[in-house]
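Hello,

Here is the structure I promised to pass on. Have a look first, and then read my notes below.

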Amino acid sequence: MQIGEELVIAILDSIDEAIHVVNKEGITIFYNQVAAEHDGLRREEVLGKHLLEVFPSLNEDSSTLLKVIRTRQPIYHLPQTYKNKWGMLIDTVNTTLPITINGTFIGAVEIGKDYSKIKDLSTKLMDLQSKVRSVSKKPHEIYGAKYTFHDILTKNERFKAVKQQAKKVASSSSTVLVYGETGTGKELLVQAIHNASQRRKAPFIAQNCGALPESLLESILFGTVKGSYTGAVDRAGLFEIAHGGTLFLDEINSMPLELQSRLLRVLEDGMVRRIGSAKALQVDVRVIVALNKYPSDCVKDGELRPDLYYRLNVFSLAIPPLRDRIDDIPYLVEHLVAVYNRSFQKNVSTVDDEVLHLFSSYHWPGNVRELKHIIEHAMIMAEGDSLTKDLLPQHLNENKATSTNRLRPLRQVVQETENALIMTALKQSGGNINQAAKLLEIPRQTLQYKLQKIK
Ligand SMILES: Nc1ncnc2c1ncn2[C@@H]1O[C@H](COP(=O)(O)OP(=O)(O)OP(=O)(O)O)[C@@H](O)[C@H]1O
Ligand SMILES: [Mg+2]
C-alpha cells in the first residue's frame, strides 16, 4: 500500500507528541497540533517562518533544531523546562534528529513528550508524602523495607557467601553496590541489609533512577526551594527524607552523568543542597545502589562515571544468575509450590523429574522472578497432586531442544569466568592488586594487564 502524504500528515497530527520539522534554512515546514499546544501558539503563526522569528528567546545555540542543522548530530532525550506564550510552565523531553532523504540532508525534526502532568503528579505525591511523614512519629512505618535475610532463600555456596558478606556490611554505614541480572533478588538483598542494620527503624527509601527525566530526578533527590524555578515550592529531597536511614538508588547507570557527579559529592561530604538554595545541610544517609548490568561494562559504555564507580565499588555484592546456581532451583520450587498451595488451595505434593530437568537446562533470563511466574502459572493450572511438564508455559517446552544444546562461545564463557574470579580476588584483597595476584596465583603484571582490559 502506498501511504499518501495526506494520510501521513493525519497520522502525525493525531500522535500525542509534539512534532516540529524545519528545513535546513531553519524554516518550519511541519508543526502538529500538540506542538502548537505546548508552545501556546497557532500553527499559522509558526508554519513557513524562521524559528528565531517565532521564538525570539531562542538563539543559534540554545535552539536544539538549529543546533542539529548545524552539527547534523542527533540529540536524544533532552529535558527542557520553558514557559509558553501564556506563561504556562511546560516540561518536555525532546529528541531532535537530522533528516536525510536519499543521502541528501534536508532538515531536522524535533519530537517532544510532555512531562508536565507526570511532574505535577510526582510533586503532589511528594507533598503528600511529606505531610504524612509529619503526622506520623515512625517514618519506617511508611517507608518500610519488608524483607529480611530470612526471605532470601538459597542453598548455593556462592550466593550464601554473598549473603554472609551482606550481613557483615549491614552493620556499617558503608555505601554498597549490588549487581545482578533482572529478577535475581537485588531489591530483596538491599531491603534485608537495611533491616539488619541499626537504621532499621529509620526510613528506607527506594528510587529507580531510570524512571524519571533528569530535571525531575534531580529535584526529587535533592529537594527545591521556593522560587528556584517557577512553581517550585520548599520541598525536602529524598536525601533529607531518608535522614538516619537508607536511600536505595536502583538502576544507577540510568542516572545522567552530571547528576552522578553531584551524587558523588554528596557521598563524599554528606552535604546536600536543595536546588536554588545556598544553604547546605548535613545528612546521615546510607546509600545503596543497584545495577543490572556488569559494573565495569557500565563504565565502558559511558553509563557510569569511573570516579563514582570507584567510590561505590568499595563494597560490592554480585548476585549470581539463577542459571549459575541450579542447585537452588529444586529448593525454590519446593518453597514456591508450598506458597501457592496455600494461596490457591491446591494440593500439589510432587514435582516431576522431567520438570526439574527442564528447569536445570533452561537459561532463565528473568531469573527467580521468572521461576516464580512459571510456578504460579503451573499451580493455577494444576488439578492433581503433581506438577507435570504439560503445566509449564509453551516456550519452556520448546526451549528444551535448543537449550540443552545451547552452547555459548567458549571464549566468552572463559572471559566471564575470568572476570568474575578477578573481581572476587580483588574484593577479598580489599582492592590490593599484589595480594589479589597472589590469590589467583598469577604474576602481578598479568593481573594488571587483565584489569586494564576489564575497565
Ligand atoms: N533468593 C530468593 N528467595 C526468594 N525469593 C526470591 C529470591 N530472589 C528473588 N526472589 C523473588 O523474585 C522476585 C524478584 O526479586 P527482586 O525484585 O528483588 O529482583 P531485582 O533483582 O530487584 O529485579 P529487577 O532488576 O528486575 O528490579 C521477587 O518476587 C522476589 O521476592
Ligand atoms: Mg529491582
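**Notes on the model**

In helix H8, the buried residues are Lys186, Leu189, Val190, Gln191, Ala192, Ile193, His194 and Asn195. Buried means under 20% relative accessible area, with exposed over 50% and partly exposed in between (1.4 Å probe, protein chains only). Helices (H or I, at least four residues) and strands (E, at least two) are DSSP runs, numbered from the N terminus.

Before going further, please keep in mind that this is a predicted model: local features need pLDDT of at least 70, side-chain atom pairs count only at pLDDT 80 or more, and totals for chains, interfaces and linings use all residues. Residues are numbered from 1 along each chain as its sequence is written, chains are lettered from A and ligands numbered from 1 in the order in which they are written, and side-chain values use heavy atoms, leaving out hydrogens and water.

Back to H8, which spans residues 186-196 and is mostly covered, with 8 of its 11 residues buried. Those buried residues pack against helix H7 (157-170) and against strands E6 (176-179), E7 (204-208), E10 (246-250), E13 (286-291) and E14 (316-318); contact means heavy atoms within 4.5 Å.

For the overall picture, the protein has 20 helices and 16 strands. Of its 455 residues, 42% are buried.

What sits at the centre of the largest nonpolar core, touching the most other members? Among its 44 residues, these are Phe239, Leu247, Leu249 and Met255. A nonpolar core is a set of buried Ala, Val, Leu, Ile, Met, Phe, Trp, Tyr and Cys residues joined through side-chain atoms within 4.5 Å. Another core lies apart from it, with 24 residues, including Val355 and Leu391.

Finally, a helix pair. H18 (residues 410-428) and H19 (residues 433-440) pack at an angle of about 125 degrees, their axes 8 Å apart. Axes are lines fitted to C-alpha atoms, for helices over the stretch in contact, and angles run from 0 to 180 degrees between N-to-C directions. H18 is therefore oblique to H19 (under 35 degrees counts as roughly parallel, over 145 as roughly antiparallel, 65 to 115 as roughly perpendicular and the rest as oblique). Leu421, Ile422, Ala425, Leu426 and Gln428 of H18 meet Ile433, Ala436, Leu439 and Leu440 of H19.

Best wishes
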